[in-house]
Amino acid sequence: MKNRLRERINEIDSALDKYLAVKDNTQKIIYEAMRYSVFAGGKRLRPILMWETALMCGGEWEDVENFACALEMVHTYSLIHDDLPAMDNDELRRGLPTNHIKFGEDIAILAGDALLTKAFEVISSGNYHDPAKAMHAINIFAAAAGTEGMVGGQIIDLASEGKDISLDELQCMHLLKTGALIRSACVIGAVMAGAEANEITAVDNFAKYLGIAFQIRDDILDVIGTEIELGKPIGSDIEEEKNTYVKLYGIERSKELVIKYSEKAKAELNIFGERAGFLKDLTDHLSGRNN
């Protein structure tokens, strides 16, 4: 598991390095700021999910390379903006100073903007065998990043700080803020690999449940994890009065929910038989049961 993940991360990093080459011009600092956050030690979960889903559905890395790199750029831009003083006001990310601490708020905002824009530049530069399929994937990608996806989830998160919300409201927030990009990663992998409609539905359900389990696990780690694991001080969710599964259910029930949603996720992949083996193992790995 860990060797395969490392191989995937190395390949993804090489592709990102290609797309984010520094240009020696008057705006050089923006490339430096973009690369600083992209190469700050991320797990590359979303591009790995896209890649592995494509393989499970009969595709190859080349089918999804542009989309996978673009998705990591969008994820990184969201983290840069999420860390800003106007949002969560965090000073550490992955154990390093956040982008605005390193480069200033003005450059950090522009670095996020540039990564979002670069993502669509990378997608539109792909040489796709089936343009219609690629256009469908682009639509999925854009929707996941926008007002009905990640941005919408962030709005709900900001509006609910310091308030008590229901489980339905909490799940809605996380299905958009965290889950939308995870679901788009898997669904785009399936679409670009030419999966059948029933396979795409199964993949979407898998990613939905995986996203919930991943978020609950993240909420737990914010309470019982270490600063080394998180790359930032623990307890930030409590300090910022954020709504989490731990706040709603407590640690032990939250741990049970991680297992519940991980099992539901894996069950959705049964139609793929042995081809789903790695994604099922990865689900266990992310739930903390197979580290």
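This is a predicted model: local features need pLDDT of at least 70, side-chain atom pairs count only at pLDDT 80 or more; totals for chains, interfaces and linings use all residues.
Three elements each give at least two residues to the lining of the largest cavity: helix H2 (28–38), helix H4 (61–82) and strand E2 (96–97). The largest share belongs to H4, with 3 residues. Sorted by class, the lining of the largest cavity consists of 6 nonpolar, 4 polar and 3 charged residues.

## Helices H8 and H9

Two packed helices are described by the angle between their axes and the distance between the axes. For helix H8 (residues 150–160) and helix H9 (residues 167–177), the axes come within 6 Å and cross at roughly 140 degrees. Angles over 145 degrees would count as roughly antiparallel; H8 and H9 are therefore oblique to each other. The crossing in which H8 passes H9 is left-handed.

Which residues of H8 and H9 meet? On the H8 side they are Met150, Gly152, Gly153, Gln154, Ile156, Asp157 and Ser160, and on the H9 side Cys172, Met173, Leu176 and Lys177. By class, the contact of H8 with H9 comprises 5 nonpolar, 4 polar and 2 charged residues. Gly counts as polar in this scheme, so Gly152 and Gly153 of H8 are placed in the polar class.

## Helices H11 and H16

Helix H11 (residues 197–224) packs against helix H16 (residues 277–286) at an angle of about 20 degrees, and their axes are 10 Å apart. Because angles under 35 degrees count as roughly parallel, H11 is roughly parallel to H16. H11 passes H16 in a crossing that is left-handed.

From H11, the residues in contact are Phe206, Leu210, Phe214 and Arg217; they meet Leu279, Thr283 and Leu286 of H16. The class count for the contact of H11 with H16 is 5 nonpolar, 1 polar and 1 charged residues.

How values were computed. Residues are numbered from 1 along each chain as its sequence is written. Side-chain values use heavy atoms; hydrogens and water are left out. Axes are lines fitted to C-alpha atoms, for helices over the stretch in contact, and angles run from 0 to 180 degrees between N-to-C directions. Helices (H or I, at least four residues) and strands (E, at least two) are DSSP runs, numbered from the N terminus. Angles under 35 degrees count as roughly parallel, over 145 as roughly antiparallel, 65 to 115 as roughly perpendicular and the rest as oblique. A crossing is left-handed if the near helix is turned anticlockwise from the far one by less than a right angle, and right-handed if clockwise. Contact means heavy atoms within 4.5 Å.
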